Amino acid sequence: MNIPVLQQQVEEWVHWLAAYGADPAGGVTRLLYTASWAEAQQALEQKMKENGLDTYYDEAGNLYGRLASADAEEGTILTGSHVDTVKRGGKYDGAFGIVAGLLALRYLKENYGPPARNIEMVSLCEEEGSRFPLTFWGSTNITGTAPFHKIKQIRDEKGISFVEAMNEAGFGLGRYRNPRREDIVSFIELHIEQGAILERESIPIGIVEQIVGQKRYSISCIGEANHAGTTPMAWRADALRGASEMIVAIMDAADRVGAPLVATAGKIEAEPNVSNVIPNKTTFTLDIRHPQGDALDAFCEASIAACDTIARNRGLRLQVEKQLDARPIDMDAALARRIEAICREQGLSYKRMPSGAGHDAQIMAGQYPSSLIFVPSHRGLSHHPAEYTAEKDLAAGVRVLIQLLYELGYEKEAK
Ligand SMILES: [Zn+2]
């Protein structure tokens, strides 16, 4: 298969989509069910139609473009990513996977006509959790694992409830098809790496083997407030001092274990937070990620044990609250081998790697054989207006996607 370079096309379409929700302060803001989000979905629907795809929405607000097989019994190969962004995000996160899907389906339709299996692209309504405290709303609706109990209570920062916002945008009112899909044969997501590994190693394609497991804790040290001038050092129960020692001990341990483990204490609060009072309470968060579940568990246990020892030595009480426990998710091995073969055929170097960030592919992988393909991110920058991937790298990703969709959708023996 001799796929043209497509560089200019990819660039044009990425910039075209980024105009919907372009933030006057820089970057792109498309929060779920807002006007800019709806405009982007409508523009995409129009572009899908112009390029010969059948379009439809589901009740959650996911937008599909379909290249139908002549055989109605056949399953569906699905590709896509999320259309929502963080506040003042970049042009590529999520959007690239949608643009790539649209370009790929157009190319396949123009050159090969109707496929043997249905091929669809999806613009998933929500992944980031940046308007409401809820993530993966698009993909969990498709897999039938959406937390419907939660959407009745949650509100955005303006006090608008999730259900209200959804209905206002025209969804959740019974106008569209049920989002649940039982016909998907495989799901492919093309996404920017959001890390700097591919760029540093000058490798254009990352084939994700696992999406890392992640545990998140809130850890509180409780001591005793007292006068900063009259309390001798030996008599103090200083909560902030204890918490600092814990953080340093955990980070040092993470350095010793090394990659692919990562540990972050991203947030800290001290009470009473006054310069001349010994802190009586300090709470910090701990985010630990590793692609192997056993290694993740072992490091977390050791970290909590270290906190416990420090707390006892410092006369502090320790409270540990687990806030998140997401297991590592494997991407489909057969699809990864197929992508590897495509990279070799196309003369592209590639790297098998874990993903340190969460993606829709991890939700889909719970139900359908799924694959996540990365292209480099300049300086690893993401969730930032300066997010950038070179056009040649974007185009290489699209060419791999086209070949993969061709093999899965047109060659009947391929599974
Ligand atoms: Zn993303």
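Predicted model: local features only at pLDDT ≥ 70, side-chain atom pairs only at ≥ 80, totals over all residues.
Asp54 stands opposite Arg66 in strand S2. Strand S1 covers residues 54–57, and strand S2 covers residues 63–67. The two strands pair in the antiparallel sense, over four bridges. Together S1 and S2 form a hairpin, with five residues between them. Gly61 sits in the turn and has a positive phi of about 110°.

Setting aside neighbours within four places in sequence, Ala68 is in contact with Asp54, Pro114 and Asn118. Asp54 is also the residue that stands opposite Arg66. Ala365 is 297 residues away from Ala68 along the chain, and 23 Å separate their C-alpha atoms.

## Two domains

The protein chain is divided into two domains. Domain 1 is made of two stretches, 7–211 and 328–410. Domain 2 is residues 213–326. Taken over C-alpha atoms, the centres of the two domains are 37 Å apart.

Which residues make the contact between the domains? Four residues of domain 1 are in contact with seven residues of domain 2. On the domain 1 side, two of the touching residues are nonpolar, two are polar and none is charged.

Helix H9 runs over residues 293–313. It has 21 residues. From first C-alpha to last, H9 reaches 31 Å, close to the expected 30 Å.

Which residues of H9 are buried? They are Leu296, Phe299, Cys300, Ser303, Cys307, Ile310 and Ala311. These residues lie on the same side of H9, because they cover an arc of only 110° around the axis. An α-helix has 3.6 residues a turn, so residues three or four places apart point the same way.

The other side of H9 holds exposed residues: Asp294, Glu301, Ala305, Arg312 and Asn313. After H9 comes Gly315, with a positive phi near 70°.

Gly223 lies in the loop between S7 and strand S8 (226–227). Gly223 is buried, because 24 other C-beta atoms lie within 10 Å and 20 or more are enough.

What does Gly223 touch, beyond residues up to four places away in sequence? The list is Ala237, Asp238, Ala239, Gly242, Pro279, Asn280, Gly315 and Leu316. One of these, Gly315, is the glycine that follows H9. Another, Asp238, is 15 residues from Gly223 along the chain, and their C-alpha atoms are separated by 5.7 Å.

## Helix H12

Helix H12 covers residues 391–410 and has 20 residues. Its span from first C-alpha to last is 27 Å, close to the 28 Å expected. How many residues of H12 are buried? The count is 16 of the 20, so H12 is largely enclosed by the rest of the structure.

## Backbone exceptions

Most residues other than glycine have a negative phi, and most peptide bonds are trans. Some places in this model depart from that.

Take phi first. Phe136 is not a glycine, yet its phi is positive, about 60°. Phe136 is in the loop between strand S4 (118–124) and helix H4 (137–143). Phe136 is buried, with 24 other C-beta atoms within 10 Å. His383 also has a positive phi, near 55°, and is a residue other than glycine. His383 lies in the loop between strand S16 (370–375) and H12. His383 is partly exposed, with 17 other C-beta atoms within 10 Å.

Now the peptide bonds. A cis peptide bond joins Ala259 and Pro260, with omega about 5°. Pro260 is in the loop between H8 and strand S9 (262–264). The bond from Glu271 to Pro272 is cis too, with omega near 0°. Pro272 is found in the loop between strand S10 (268–271) and strand S11 (277–278).

Note on methods:
Residues numbered from 1 in each chain as written. Domains from an automatic or database assignment. Contact = placed C-beta atoms within 7 Å. Nonpolar A, V, L, I, M, F, W, Y, C, P; charged D, E, K, R; others polar. Pairing = 2+ DSSP bridges. Expected span 1.5 Å × (residues − 1). Buried ≥ 20, exposed ≤ 12 C-beta atoms within 10 Å, placed from the backbone. Arc of directions from axis to C-beta.
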